[in-house]
Every structure is written in C-alpha cells, then in structure tokens.
Amino acid sequence: MDEHATGQLTATAADYYEAFFVPALFGSRTGPLLELAGISSGDTVLDVGCGTGILARDCWRRMSARGSVTGIDCNEGMIATASKVAPEIEWHIGQAEALPFDNSAFDFVISQFALMFFEDGPKALQEMWRVTRPGGKLVVAVWDKLENTPGYAAMTALDERLFGREVAEQLIAPYSMGDRALLETLFRQSGIPDIDIVTHNGMAEFPSIKAWVDLDVNGWTLGELIGPEGHALLVETAERELQDFVQPDGRVAFPAPSHM
C-alpha cells in the first residue's frame with residue numbers, strides 16, 4: 001500500500017481525525033476491547049498503532065491513573081495530537097515491527113484498528129507478543145469485511161466510479177483484515193497461542209452525509225487525492241445516492257462490525 005492507503009496523516013488531518021472521526025467510529029469501540037482484555041488498576045499497558053490515543057486515554061481513565069499506559073505510532077501527526085490531548089500518557093514515535101521496549105515489558109498489549117496498516121503484519125504481531133509478559137494478554141481489533149459494512153461499501157463504490165481505483169483503495173484498506181480465518185491464520189503464523197476471535201456489532205454514526213464525506217476527505221487521506229473540486233462533487237453525489245443510510249432525523253447510521 002502507498003502512504004495514503006497506510007493512513008499516514010498530516011498534523012492538520014490528525015487534529016480533524018481526533019475531533020470528528022474518533023467520536024463517529026472509534027470512541028464507542030474502546031469499552032468492549034478493554035473489557036475483553038480485563039485490564040485493571042496497576043497494570044502496565046502498551047497501545048500499538050495508537051493514532052491520536054483514544055484507546056490509551058480510555059484505558060488510563062479506567063485504571064484511575066494507577067499503573068502505566070504507553071502509546072506508540074509511526075505517524076508524527078497522530079502522536080503530536082495525542083500528546084496535546086493527553087500529556088499525562090507516555091507517547092512514542094516508532095514502528096510496530098521494531099518496538100523499542102524490552103521483552104515481557106507489559107502486562108497487556110492492545111491495538112485498535114491499526115494492524116491492517118502495518119508494513120509487516122506478522123512481524124508486528126511477533127513484536128507485540130514479545131513485549132507481552134508471560135501470562136499477559138494481547139488484544140487486537142480490526143474491522144470486519146467491507147461487504148459487512150454497507151455504508152462504506154457504498155461509499156467505496158461511489159469513490160471508485162467518480163475518481164478511480166486509487167482513491168477507492170483509501171477506504172478499502174481498513175477492511176483488509178476482515179476475514180476471520182485469515183486473521184486467525186496470521187496470529188498462528190506469528191507464533192501466538194490460545195487465539196479467540198470475538199465479533200462486536202457496532203454502528204458508524206455521522207451527523208449528516210456531508211459530515212460523513214467531510215470526515216473521509218479532511219480526516220483521512222482522500223483530500224490530497226481529489227482536491228476541493230472532487231470534494232464538492234463527492235458531497236453532491238453522495239447526498240443524492242446514499243440516502244438509504246440517512247435516518248429520519250437526518251443522521252447517517254449503518255452497521256460497522258469489528259473483530260477482536
């Protein structure tokens with residue numbers, strides 16, 4: 001994947017991502033992941049591919065600021081935003097494939113919607129398992145298949161028709177780990193035992209179709225590829241063709257399941 005499809009955001013896009021994408025897609029997902037992990041006060045936790053830090057922040061709050069939470073991401077813009085929002089957490093810029101931590105350094109290693117963007121998924125998982133202490137737990141969340149997320153399946157098809165495959169790939173990339181069998185095989189090949197996969201049937205919600213498109217363009221990587229004219233065309237076309245996802249009050253909502 002190119003740098004766009006791997007979710008590499010500028011500092012401005014990262015701030016937009018934190019302000020709008022996090023509440024629309026990610027904020028409601030942290031609770032189920034942390035409950036599955038069973039993290040408690042006093043534990044040491046590493047969030048890999050932390051983005052702007054929503055999972056790490058929720059973990060810190062649940063631990064009542066007792067214990068240790070560390071976040072790492074290769075994107076400088078994401079870490080800059082995370083540091084501004086939660087300076088009390090230790091943030092690092094670094095690759096998941098070469099974690100700068102000792103063996104068995106953490107009780108829990110967690111990662112939310114990042115595995116699909118790592119350059120080398122098996123190597124990243126091996127590193128995450130290396131820094132998890134014996135008896136600890138590694139919990140990773142990925143999106144289900146694109147066809148099981150109808151809103152983005154439709155938006156991706158629309159992007160491809162209007163702008164071509166390269167642009168559509170920006171929205172396809174997050175769903176590349178959605179096959180449960182593929183996911184389990186990836187973990188087993190990385191030498192991780194006792195694998196259990198749980199599907200969480202969450203929802204994606206946006207204030208309107210325009211807000212949804214604005215988020216995809218300004219808070220992700222589409223803006224650099226389609227420009228202002230493409231942005232306006234996408235809003236106009238989506239408002240005409242994606243009305244099936246609009247609720248009576250004008251909000252957009254559709255299923256967005258994930259695997260943990």
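## Ground rules

Residue numbers start from 1 along each chain as its sequence is written, and side-chain values rest on heavy atoms, with hydrogens and water left out. Since the model is predicted, local features need pLDDT of at least 70 and side-chain atom pairs count only at pLDDT 80 or more, while totals for chains, interfaces and linings use all residues.

## The second largest pocket

Rolling a probe the size of a water molecule over the atoms shows where empty space is left.

β5 spans 132–143, and both it and α8 (180–189) supply at least two lining residues each. Helices (H or I, at least four residues) and strands (E, at least two) are DSSP runs, numbered from the N terminus. By class, the lining of the second largest pocket splits into 13 nonpolar, one polar and four charged residues. Nonpolar covers Ala, Val, Leu, Ile, Met, Phe, Trp, Tyr, Cys and Pro; charged covers Asp, Glu, Lys and Arg; the others, Gly among them, are polar.

## Salt bridges

Side chains of opposite charge can pair when their charged atoms come close. The rule used is a side-chain nitrogen of Lys or Arg within 4 Å of a carboxyl oxygen of Asp or Glu, and the count comes to 14 salt bridges. One of them joins Arg165 and Glu169, at 3.2 Å from N to O. Both residues sit in helix α7 (residues 165–172), four residues apart, or about one turn of the helix. Arg165 is partly exposed because its relative accessibility is 43%, and Glu169, at 30%, is partly exposed as well. The cut-offs: buried is under 20% relative accessible area, exposed is over 50%, and partly exposed is in between (1.4 Å probe, protein chains only).

Arg251 and Asp249 also pair up, with 2.8 Å from N to O. Asp249 has 53% relative accessibility, so it counts as exposed, whereas Arg251 is partly exposed at 32%. In the pair of Arg240 and Glu241, the closest N and O atoms are 4.0 Å apart. Arg240 is exposed at 52%, and Glu241 is partly exposed at 37%. These two also belong to a salt-bridge network that links Arg161, Glu236, Arg240 and Glu241.

Asp58 belongs to helix α3 (residues 54–62). Its relative accessible area is 12%, so Asp58 counts as buried. Leaving aside residues up to four places away in sequence, Asp58 touches Thr30, Gly31 and Leu34, where contact means heavy atoms within 4.5 Å.

Val213, in helix α9 (residues 209–218), is buried because its relative accessibility is 0%. What does Val213 touch, not counting residues up to four places away in sequence? Its contacts are Met155, His231, Leu234, Val235 and Ala238. Pro100, by comparison, is 113 residues from Val213 along the chain, and their C-alpha atoms are separated by 37 Å.
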